[in-house]
Amino acid sequence: MISAMSSYGKKYDVIVVGAGHAGCEAGLAAARCGCRTLILSMNLDVVALMSCNPAIGGSAKGHLVYEIDAMGGAMGLCADAATIQFRRLNMRKGPAVRASRAQTDRLLYSRTMKQFLELEASLDLKQGVVVRVETGDQGVRGVTTREGLFFAGDAVVLTTGTFMRGLIHIGMQNYAGGRAGEPASEGLSECLKDLGLKIGRFKTGTPARLSAKSIDFSGLVKQSGDDCPRGFSFKKSNPDLEQVCCYIANTNEKTHQIIRENLHRSPLYSGVIEGIGPRYCPSIEDKVVRFPDRVSHQTFLEPDGLRSSEVYPSGMSTSLPPDVQLAFFRSMRGLSQVEIMRPGYAIEYDFVEPVQLKKSLEVKAVPGLFHAGQINGTSGYEEAAAQGLIAGLNAAQRIKGLDPLVLDRSQAYMGVMIDDLTTQPTIEPYRMFTSRAEYRLLLREDNADQRLTPIARSLGLIDDERWEIYARKMALLSKAEEKLKAGRFTPRKVQALALTDGVNLVHGGSFAELLRRPEISIAHIAQLDKDFSLLPPEVLEQLEISVKYEGYLKRQAEQVARIKSLEDQKFPEDFDYLNIPSLSKEVVEKLSKIRPETLGQAGRIQGVTPAAVAVLSIYLKKCKHA
């Protein structure tokens, strides 16, 4: 028991441990749902710090940012406020994989997010190092800090990032730390083990930070952003910040030779590091070893901010000693005189295997305890923030005695990610990809608000201003869709505007029929009817996608409807798989370990066969009628 003398004396509904990207969204979501919320951070000067690359979004990650924004989260708004270069990626490909990425001013992003937290009425922000989660017969009771101070709370969201037993490696030197310059979190791992949770160990890394004034940019390839930056937030609040360029540099054979000659000084290749690293974001020494035939590896030199001379060389994370880092950078064109401002490093940290979570992100064995972010074995700011929003929301739902929000795989990338984490074993840091989503044509960036904003509004996450923006867009879209169907064209008018590149049109028809032709775009329709030119770009984009991909969209919607029957079949919490004789021992073991919430989730567990799903369906029906 915690003595009354050590109690803070104020009861919270939800306590969030950590103020990284997951913690910020968790705290804001819980507070906006009407819960008295506390965020405890080790250091209030580094709220929402971008400890790796100074950028938000990218392939699939941009989808998550739009979804966070559609649900009233702050990541998109903060990114827009700090954007110094914005690009839409994969624009020559289909709409399912088009993605947005913003180069941001790292410190401005952090300051903006901290301001969001400080202005939230029901949210307290305090500095403190949590060492224990306190529990009782009914579940979570609160948390205790290193100083022995007890904060009472009915729900706790852990968003510990890389801090749990964090160990930093630079060459053969290592020391405890959550990231460079900050201490590790000690005690929480042991506490979670005592609660019966299984802990794993992962590794990640970051590159050196280079001095811009020591780089010769004249010989490097310039990469500019979009002429008209779009921004992430559906509020369209992007300020007119100065837009900057990034530059492309390349390694060479000399670079690779320096790395190969010093692999014995790498903790990764000398056996010092035990944790598993991210396969899709390897260190530069990993790349050189795994791809020996590659003569060059590309890096983007990304500015850290408008008032910073630090440059982030993406794709160059390393744990090699500082002298080796300086040598291999100086072997590259444009970097022969480069100075390192901060060396790169690798970090090992503890995570909790996420199959121990419900799809609400609540720990199955500890009522009221939620996990979000890298504690769940994920990588990336965007993945963390998305989990944080869902965990904070569901902590609030629990406090209010309401059902949790569980998004399925057809509703959001958030749903895909959480289903993956809670269903499949996490053998390496999880990263979001569009290829993970089987219904990705339905889960585009442009329609994230249509998919999620009405849900978020019903849960109290969307304020009146955001709802009015959404309603206005939907009204414009509906009116434009009707105009597409009703508007008519004649072959003569189309040919007069030279819209068809020599294709002979014999008959007239509706604008929608014309837009279905591959050589016709929505911009061409706007030439036929000036009313379309007055519509916002996001409405025009959705109009074009809905017409050109109508058949594909319909087919995916039909697939979702067929699968939904499996997702609707839920297992009772005490369902006993051992009493089903038709199941193999392997299937029973997997089902008993993960304890899926629905028949659909059971079918996605590795090793659970379609035959086993059929047997489970029969027994579920028996349970229902028993």
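Let's start with Ala 48, which counts as buried at 0% relative accessibility; buried means under 20% relative accessible area, exposed over 50%, and partly exposed in between, with a 1.4 Å probe and protein chains only. Ala 48 also has a phi near 50 degrees, a positive value in a residue other than glycine. You will find Ala 48 in the loop between strand S2 (37-41) and strand S3 (55-57). Helices (H or I, at least four residues) and strands (E, at least two) are DSSP runs here, numbered from the N terminus.

A word on the model itself. This is a predicted model, where local features need pLDDT of at least 70 and side-chain atom pairs count only at pLDDT 80 or more, while totals for chains, interfaces and linings use all residues. Residues are numbered from 1 along each chain as its sequence is written, and side-chain values use heavy atoms, leaving out hydrogens and water.

The protein averages a pLDDT (the predictor's confidence in each residue, from 0 to 100) of 92, and 97% of the residues score at least 70. Over residues 1-5, though, the pLDDT is below 50, and beyond near neighbours in sequence this stretch has four contacts (heavy atoms within 4.5 Å) in the model.

Now, Arg 595: another non-glycine with a positive phi, about 50 degrees. Arg 595 sits in the loop between helix H19 (585-594) and helix H20 (599-603), and is partly exposed, at 29% relative accessible area.

And the cysteines, friends? The structure holds zero disulfides (pairs of cysteine sulfur atoms within 2.5 Å). For Cys 35, the nearest cysteine sulfur is that of Cys 33, 6.6 Å away. Cys 35 is buried at 2%, and Cys 191 is buried at 1%.
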